[in-house]
Structure formats: C-alpha cells, structure tokens
Amino acid sequence: MTDIRHVAAPPATPAAGKPRRPIFLRRGPMEALAVAVIGLGFLMLFQPFALVLYTYSLITLLTGTFMFMIVSKFPE
Amino acid sequence: MTTSDHTYADKAAEAAVRATPEPVARRLRSLSDKAIAWLFIAPTIVLLLAINIFPLFWAVYLSFTNYRANRPNAVVQNVGLGNYSRVLNDPDIWASMQTTAHFVFWTILLQTVIGFGLAYLIDRKFRGHAFWTTLILIPMMLSPAVVGNFWRFLYEPQIGLFAYAVSFLTGIPTSEIQMLGNVHLAPWAIIIVDTWMWTPYVMLICLAGLRSIPDYIYEAAEVDRASNWRQFWSITVPMALPFIMLAVLFRGIENFKMFDMVNLLTGGGPGSTTEVASIALKRDAFEAWATGRSSAFAIVLFVAVFGLANIYVKALNRVKQR
Amino acid sequence: MSAANSAHSVVEPGAASKRIAATLVILYAVITLVPLVWIFLTSIKSPPDSISYPPKILFTPSLEGYCNLFTTRTRQTPEYIAALPEPDGICDAVTRKRNMVIAGPSNFLPRFANSLIIAFGSTFLAVGLGTLAAYGFSRFKVPLADDLLFFILSTRMMPPIAVAIPIYLMYRQLGLSDTAIGMMLLYTAVNVSLAVWLLKGFIDEIPREYEEAAMIDGYSRLQAFRKVVLPQATTGIAATAIFCLIFAWNEYAFASLLTSGSAQTAPPFIPTIIGEGGQDWPAVAAGTTIFLVPILVFTILLRKQLLRGITFGAVRK
C-alpha cells in the first residue's frame, strides 16, 4: 500500500538530469518496508503457533521502529 | 517562509523599539522570536520529560534489575537481560498476547464494518441525519470504566436486560446466558461493549473520509455508466481508505492497551480467558510486585505501541493533506 | 436505487435509498442508546424493582438509589425505628421503610469533588501550557519541530499501566502518592499532548497577517499574542479544554492504580458502591447518571468539533 499520490503528485524530481537516489535511500519504499517489519513484529507477538517467534517479536518490533524513525528522515 | 517571517518580525520589533522608551525597548529587543519560541515550548517539554520520559528511563533501568517495589530496602541486583528473557519465554504472557490479539482483531473488524456502514448510510444525507449522528456519538465520549461497570448489570444472567433481550429473541433460557461467567462468552461480552462504545469513533472518521470525496468523481463515473457496486469499490472505498486506516490504527493502539473495561467487567476471568496484556501486566506489577520483570513487560508493550504510533502519525499526515 | 438516482442530480441519493438509510441509522441509534436509558431508569428504581425479572419498564419511581448513593445506612430492629421521631426528608423515610437508619454521608461527594478538582486543575494547566507551546510551534521555526511534535503525541499513546509502574515509584519517593496534585500533574502530562496538537491546528488557522499588522502598529510579539491571537483562538481553546476535561474526568487506569483514598476520583469509586448482599445497582446507576450528565451536555456542545478532537486536529471538517 504505497502512497500513490506521493509518487504521482509532486513534480519534485525534474524529469531530465539528476539520477534518482538508490531505492534503499528513498523514503517511500523504505518507509513501507519499515511498516512491514513492524507489522511482522506484531504478527510474531500475536501468533499462537511458535514460542520462538514470540520471543523474537520484541527485537523485530524494535528493528522496525528504529528503521522507521531513521528512514522517515530521508528525502522523497 | 522563514526569511519573510524574520524580516517582518524584525521590522515589527524595530517599530516597537522605536515607539517605546529605552529600557523597555532593550528588553523587547533582547526577547527575540527564538527566545519566545523556546520560552513557550519549554514548559511543555519539561513537564513531559519529568512525568513521561524520566519514568520511562527509570522503567528501562528497572527492567534490568530484580527490584521489587514492596521490598524497597532489599539489595537491588543487575540481572542483565534476564527479565526480558523471562517475559519473552513465559507461556502465560504469550497467552495474554494472544488474548489481546483476539480482542484487537474482533473489535476492529466489527467496528470498522459497522462504523463504515453507518457512515455510508449517514452520508445519504436523509432528513435529520445530523441529529441522529449526534445521538450515535454519545457512547464514545463516556467513561469506559463507569459505563463498562454498568454493563455488568446488563449482563447479569437472571436479572439483566441483555440476557433478557437475547433470550426473548432466541428462546435460550436466561440461565444459560452467563456472559461474564462462561469461558466462551466472556471475551465476547467485552468485545460487545467495546464495539458498542467505539463504533461511533470509527463511524465519525469514516464519515469525514466519505465527505472528502469530491462529487465530480462520482459524476464522471456516472457518465461512464459505472454501476453503483463498481463505484462503491473503485471510488468510495479506495478514496476513504486513508481515513479508515487512521481509525483502525488508533483503535488498534487503544485496544492493544485495553484495560478499563476488562478490569471492571471480568478482571481477567473467568480463569484467565480474558487476561489481556494490560491486565497481566497489572497483576505482575501491582499484585505480584515483581517490579523488575513487569518493567521489562511494560517496555515490550511500550515498544509495540511506539511502533504503531509512528505509523499512526504518518497516517495522520496523509489524511491532513486532503 | 440507480433509477432513483438518475431522477435527481447524479450524486444526490434517491428518496428510497434515503428512507432505507434513515431507518437503519435510527434503528442503530435507538439500540445504542438503550444501555444509557437503562442506566437512568435503574437509578430511579427501588432495589426490588431493579432486580425483578423480567426487567421492568413501568414502575413507580423511587429516590432510593440517589439516597443510598449519598448515605451509609445501618440495619435496625423495627422497634428501634418505631421509637424514632418523625423522619426528616425523603431519604430518611425511604431508608426506614427498609428497616434501616442513615448512619452518615457516603464517600461519593468527596470522590466526586476529587474528580472535579483534578479534572479542572489538570485541564487548566494542560490548556495553558498547550496554548503557549502550540503558538510556538505554529508561528516560529522550531528546530526538529516535527520530531518534538511526534514526541509530544507519542507520550499520549503510552500504555497507562506501563507508565504507572515507574510513576508509582516516583510518586512514592516524592510523597505524591494518592494526592490530588500528583494526579493533576499526571493528567496534565497526558492531556498537554492533545492540547498542543489541537491548538496548533486552531492557531494555524488564524492568519499571521493579524499579528503582523498589530506588530507594525507597535505591539510586541507577546502583546500581539495576548491581544490578537488569544481572542481569535477562544473557540479552539474552549473546545480543547472540554476535550481535556472529558479525558481527565473519564480516566480510570491511573486513578485505580495510583489512588486509593483521599485523592480517589469517581470512576474507581463508583464500581465499589455496594449495598447489603452485593452491588447496590440503583445507587451505582444513580452515581453513573450524575457522573455522565456533564459529559452528555459537553458532547452535544462539542458535536461540531468532535472529529478534530479525536484526530488530534488532523481532520478539520
């Protein structure tokens, strides 16, 4: 569920010239990834199947949250 | 924006300085915009640091110790990650997370479906819709604890209105409608009250989403002879989705830490069938007094909520752009 | 439905679809209000009426619930009661009919007063601090403003029980346990985040030109804030205050964990109202009614601002 309006609306990046930043330095996709990691952390926290997944949910949630905080500083 | 702002402010300050006697002018000049900004913001930040952040760091510290609040004079030992490893390997706490998940899932599903449905109906703008909307909104403003407490009376199997209504409609004898005493029904008792209370919340946000869809999109769809069904799924739902997400995220955060209603309706019982994370944490912290371990548990909950809060603020900003 | 649609304007729903919508919405509204009506009805029932089966809709109203809410009673022998002088007041008479005499006032009034003091005190502080901070964020370029605003909001999201553990220890150290001041500070901290976010939205809507004009006329920044911005923001400040008031009024988790006696508020107290042989439901309902009426009034006053309040000012319409 990436934000379509963000991609479509602002003419921030001039079409010609400047190469785009590599994907792992762009905000949109990386934010989506961080959200996915947080979501995964919640699934691990909530799932009733394997204790080991629950055990590692905290570290997953922490990773996702830190990642989100960092990548949300990236430019579009 | 800043530059024009500054020049404006500077000019204004200059004007003010010229118009006032010397000592006052000096004070005015010395109190720059920057100083005012910090002077205005600092008290709030200081309060939050003192009441929220300092305790949080204290909790982080405690989570690495074996401190017990009921034995303040005992020697405090550093136990490293021991508390975390216990909390994250404890099957009971794991079970409380699943109970929480069960609540979060069903309350959000019900509230979103009913809330969106209501919003869609109210958006038909029938006569008197504003009046009925206000009436529907009342439950969400009330105290979950005080009203939740009264639901215990409605749920009483022999005398309660809920049991009577259900048995009237279904013919099941009231003695079998033990909403709070039956292990299968108790979780649903809480889900029903939560849904009753918070559906208006989801409805209100969905309504804003529906109203933010410009008419011309529907008009264009009408020109294209798109069916109502098609319009609903390819215009209404996607356009209202950011708002729905906002409501879902906030209800998710709130219900993840649900405490008031559960504590009053069932207190976690019968057995531990409704022991959600907050109740388990309360028992650990304020009944077992395992302060160190419960601090670790609290940090786990905090990290989860903090992660969601980040996403929530992103959702807020997205909605704000409309 | 589509036929009805095309008869009118393209987006205006047809009459039939409106009628169906109205029926369903009104049905939902009526069902959703039943528990609230039941609270009120129970509060004016006598205890036997309140627990009769099937539940009674028609009954003789009684003030017993309200009497029991405000008093404590002791059971006496009929002979003792017969020997008493004439009852003074309705409550006295009602109580004697149950072979009891009023022993004294209950804790409800002091708890209710605590709720009032703590809710109003914390609202005042939160709105005061929030107005200043919101103005700061709205009008000046604050470094890391977005991060600070997020930090402020995130404090509101914290799970209360998780916060209560260290707060409990801290208040024990500072001697703030079970004090109105302690609860006020705590609620201020929780509410100030809402106040900052909401008020920032309201102040953003006041054109900067007003202040700038005032400052060109010789006002200082602070004077412009006081004489131009504050009057313009009155509606917003009032709405924010009501939201803070409602939160502090309704709060239960902190109150139940951190107060037990002298600073206990009404929400943790009301569930503990018991009569002989269990919960005294008419009295609980009476307390609940008295507790809910102010919120009911505020909700109706606030109806146009509710959306803003629940989305931290993000959705304005």
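**Entry 1: ground rules**

I count residues from 1 along each chain as its sequence is written, and chains are lettered from A, with ligands numbered from 1, in the order in which they are written. Since this is a predicted model, local features need pLDDT of at least 70 and side-chain atom pairs count only at pLDDT 80 or more, while totals for chains, interfaces and linings use all residues.

**Entry 2: confidence in chain B**

I started with pLDDT (the predictor's confidence in each residue, from 0 to 100). Chain B has a mean of 87, and 90% of its residues reach 70 or more. Where in chain B is confidence lowest, and where is it highest? I found the lowest mean, 50, in helix α1 (residues 2-19) of chain B, and the highest, 95, in α5(B). Helices here are DSSP runs of H or I with at least four residues, strands are runs of E with at least two, and both are numbered from the N terminus. Over residues 1-7 of chain B, pLDDT stays under 50. For that stretch the model has 1 contact beyond four places in sequence; a contact means that two C-beta atoms, placed from the backbone, lie within 7 Å.

**Entry 3: who touches whom**

Which chains share the most contacts? Of the 2 pairs of chains in contact, that is chains B and C. I noted 86 residues of chain B in contact with 93 residues of chain C. On the side of chain B that touches chain C, α3(B) gives the most, with 15 residues. That side divides into 63 nonpolar, 12 polar and 11 charged residues. For these classes, Ala, Val, Leu, Ile, Met, Phe, Trp, Tyr, Cys and Pro count as nonpolar, Asp, Glu, Lys and Arg as charged, and the others, Gly among them, as polar.

Next I looked at chain A against chain B: 18 residues from chain A meet 15 residues from chain B. On the chain B side, two or more residues come from each of α5 (91-122) and α14 (291-320). The most come from α14(B), with 8 residues. By class, I have 10 nonpolar, 4 polar and 1 charged residues on this side of chain B.

No contact joins chain A and chain C; their closest C-alpha atoms lie 10 Å apart.

**Entry 4: chain A**

Chain A has 4 helices and 0 strands, in the pattern α-α-α-α along the sequence. Of its 76 residues, 24% count as buried. My cut-offs: buried needs 20 or more other C-beta atoms within 10 Å of the residue's own, exposed has 12 or fewer, partly exposed is in between, and C-beta atoms are placed from the backbone. Among the contacts in chain A with a separation of 6 or more, 60% join residues 24 or more positions apart.

**Entry 5: chain C as a whole**

I logged 17 helices and 4 strands in chain C. Along the principal axes, the C-alpha atoms fill a box of roughly 85 × 70 × 40 Å.

**Entry 6: annotations on chain C**

An unreviewed UniProt entry places "domain: ABC transmembrane type-1" on residues 112-302 of chain C. UniProt positions are in the numbering used here, feature names are shortened, and annotations may be inferred rather than shown by experiment. In the model, this span is 79% helix and 2% strand, with end C-alpha atoms 23 Å apart. The entry also annotates "transmembrane region" on several spans of chain C, including 148-169 and 281-302. Residues 148-169 of chain C are 91% helix and 0% strand, with 27 Å between the end C-alpha atoms. Residues 281-302 of chain C are 100% helix, with the end C-alpha atoms 31 Å apart.

**Entry 7: helix α8 of chain C**

I then went over α8(C), residues 145-157. This helix of 13 residues reaches 19 Å from first C-alpha to last, close to the 18 Å expected at 1.5 Å a residue (1.5 Å times one less than the number of residues). Which of its residues are buried? I listed C:Leu149, C:Ile152, C:Thr155, C:Arg156 and C:Met157. Their cover includes α3 (33-62), α11 (228-256) and α14 of chain B, together with α7 (108-139) and α10 (180-204) of chain C.

**Entry 8: B:Glu222**

B:Glu222 sits in helix α10 (residues 215-223) of chain B. Why does B:Glu222 count as partly exposed? Because it has 17 C-beta neighbours inside 10 Å.
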